[in-house]
Structure formats: C-alpha cells, structure tokens
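Me: I've got this structure open and I'm new to this. Can you chat me through the spaces inside it?

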Amino acid sequence: MNLAQILSPAMRWIVGAVLLIEVVWTALYGFSVDWASFLPMLLAGVILVSAGIFYEKKRPTPAIQSMVNMTFFLLLITNLGAVLSYLLTSTALPLQDAHFAMIDNLFGFHWPDYMVWANEHPVVRNFLMLAYQSSMFQIVAMVLILSAMGKFAALIHFSRAYVAAILLTLAISVFIPAMSADAYFAPADNINFYLEHNHGVLRNEVFMGLREGTWRLITMEDVQGLVSFPSFHTCLAMLTAYAMRDHKWLFIGFAALNAVVIIGTISEGGHYLFDLFGGVIVAVFAIAVAHIAQRAESDQPAEIRANPAFSLSGE
C-alpha cells in the first residue's frame, strides 16, 4: 500500500485545503509559529516517506510499506488537526459548559461527585488512567497488526474515518465550545490531582488564552487537546475497535480495552458525560463516511486496483 493510495485525490484536496486555511489564518490573525518545535515531526516524516519508497522500490515488502506509509499519514493528519484546533478555539463563541453540566444532571450524573468517588478508589482510577493513555499505543498496534496481516482495506477505511472524525469534531467544537468539566467545576487539587499534573493547568491556560487573545503561539512542543465536546478520545476508541471488526478475538480485546478508555475520559480527560455521547455520534458518522469514500475509491483506475499491495477486499 503506497502513499498515493492512502493520499487519494480527494484526501490531497482536504489536506491542501486545511493547510491553506492554517497558513492564511496564522498570517492574518497575528499568530506566531514555533518552527523549531515542528522539526522532530518533519524529520520523522522524511524518514517515514523515505522508508516507504525504499520498501516499495528497492525491497518490495507490502506489510512494512503499509506500516510506514500509514504512520506518516496519521502523523500528518494529527498535526494538521492539532494546529487547526488552536486556530478554531480562538473564534471564542459562547461557552456551553453550564448547559452540558445541566444535561449531565438530567442523566443523574454530577462530575464533582464522580471525581470524589474516583479518588476514593485509587486502583480503579489508576486503571482508568492507564487505559486512557493507551489510545495512541493502540493505534500503533492496530497499524502494525493489520499491515502484517495484509488487511490494507481496513487501514484505508480507518484513515478515511480518522480524517472525517477530526474534521467533524473540530467543526462542532467551534459552534458548541466548552472549557471542560475539570475547568468548569474547578475541584480541589487533591480531587483533580491527575488532571492537574498531567495536562489540566496548561491546557486550560492555552484554551482561555486563545479565546481571550493572550495566547497566539502555535507550537508542537507541548500540544494540548482543546476540544471538550464532542469527546475525540471516545470517538477514537470506537474507530480503533471497529478497525479490528473482521478478527473476532482481536476485536473483543480492543473493544474491551476501549470501553475502559471511554469511561476513563470522564476522570482522566476531564470530560462531561454528555461529551461521550457526542463522541459516539461522531464515530458513527465517520465510519459511515469512510464506507462511502471507500466505495467511491473502488472506481479508481484499474492499474491502481491491480497493485498487489492494495486490495479493496482487504486480502
């Protein structure tokens, strides 16, 4: 599976459009860019693209080619999405935290009470924290496993769903922004210990700074997840598990772990319960978009479909 197959014409248009928006927005609205912080990602990208070419041209190995090319693609999309999230947060439409807290209460859920309970059960909280932090490792494992098994169509589907999920999540967050439950309720330090020491303080500083115009730095040095609703961690957990759907025991394992990830987003990600419902809806939509995109790409030229490194059947 070469890079051209992952970056289909439609995907190239999307990447180009997002990049253009970011360049223009950054220039027009007084953002500065810490270019040095992008160098590690740039170096990683060069290495991955070079490796993909090597395992396509010099030593054809479809599995390794798939691994490095998909890793490059996900790295590219993730970084573009991170920059776009900073820019979109600066639009500063009215915050909806009070409404989200009210909706949670209608479901009988009160975030501060849940955090008190979680802190009283440190074994459970540590388990949730480990699961929550496993998301990126799971994506790496998923790419390695599906590439090794030659299930390239499943990886293509995941890549389409991943892009759709990021774009929809960011679009929704612009019009329905929220600080996050941990910032809104601001519990005592001992209750919020993990959030405060992992990302909470800096994340909230960046979020409010972007809204108030006091933070105008784009950097990859300590990039923050700024979206509360919908929960992208929830969405990503569903997409990762769904990618393994054709392999019973792998699916069961990934689904079980990601169920814990979703639960962990409340305490470890500082999310409202309502954020999780939003993440589920985005995931379902992204999966549907990926299916439509994949069917459309089945009509691509015969010389691409005939490439043994790529099969729409996943074989």
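**Cavities, pockets and a few residues**

Reply: Let's start with the second largest cavity: its lining splits into ten nonpolar residues, one polar and no charged. Nonpolar here covers Ala, Val, Leu, Ile, Met, Phe, Trp, Tyr, Cys and Pro, charged covers Asp, Glu, Lys and Arg, and the others, including Gly, are polar. Keep in mind that this is a predicted model, where local features need pLDDT of at least 70, side-chain atom pairs need 80 or more, and totals for chains, interfaces and linings use all residues. Numbering runs from 1 along each chain as its sequence is written, and side-chain values use heavy atoms, without hydrogens or water.

Me: OK, which residues line that second largest cavity?

Reply: Ile14, Val15, Val18, Ile77, Leu80, Gly81, Leu84, Val163, Ile166, Leu167 and Leu170. Two or more residues each come from H2, H4 and H9. Those are helices, DSSP runs of H or I with at least four residues, numbered from the N terminus.

Me: How big is the second largest cavity, and what counts as a cavity?

Reply: Its volume is about 80 Å³. On a 1 Å grid over the protein atoms alone, a cavity is a set of points where a 1.4 Å probe fits but can't get out; a pocket is an open set with protein on both sides within 12 Å along at least five of seven lines, and lining residues have an atom within 4 Å of a point. Points join across faces, edges and corners, and volume is the space filled by probe spheres set on them.

Me: How many cavities of 30 Å³ or more are there in the whole structure?

Reply: Three. The largest cavity holds about 120 Å³ of space. Thr89, Ser173, Val174, Pro177 and Phe207 are the closest to its centre, out of 16 lining residues. H4, H9 and H11 each give two or more residues to that lining. By class, the largest cavity has eleven nonpolar lining residues, four polar and one charged.

Me: What about the second largest pocket?

Reply: That pocket is about 620 Å³ in volume. Its lining has 19 residues, with Leu19, Trp35, Phe38, Asn79 and Leu80 nearest the centre. H2, H3 (39-58) and H4 each supply at least two of the lining residues, and H4 gives the most, six.

Me: Switching topic: where is glycine 45, and is it buried or exposed?

Reply: Glycine 45 is in helix H3. It counts as buried because its relative accessible area is 8%, and buried means under 20%, exposed over 50%, partly exposed in between (1.4 Å probe, protein chains only). Glycine 45 and phenylalanine 73 are 28 residues apart in sequence, with their C-alpha atoms 8.9 Å apart in space.

Me: And leucine 20, buried or exposed?

Reply: Leucine 20 has 55% relative accessibility, so it counts as exposed. Leucine 20 is in helix H2 (residues 9-28).
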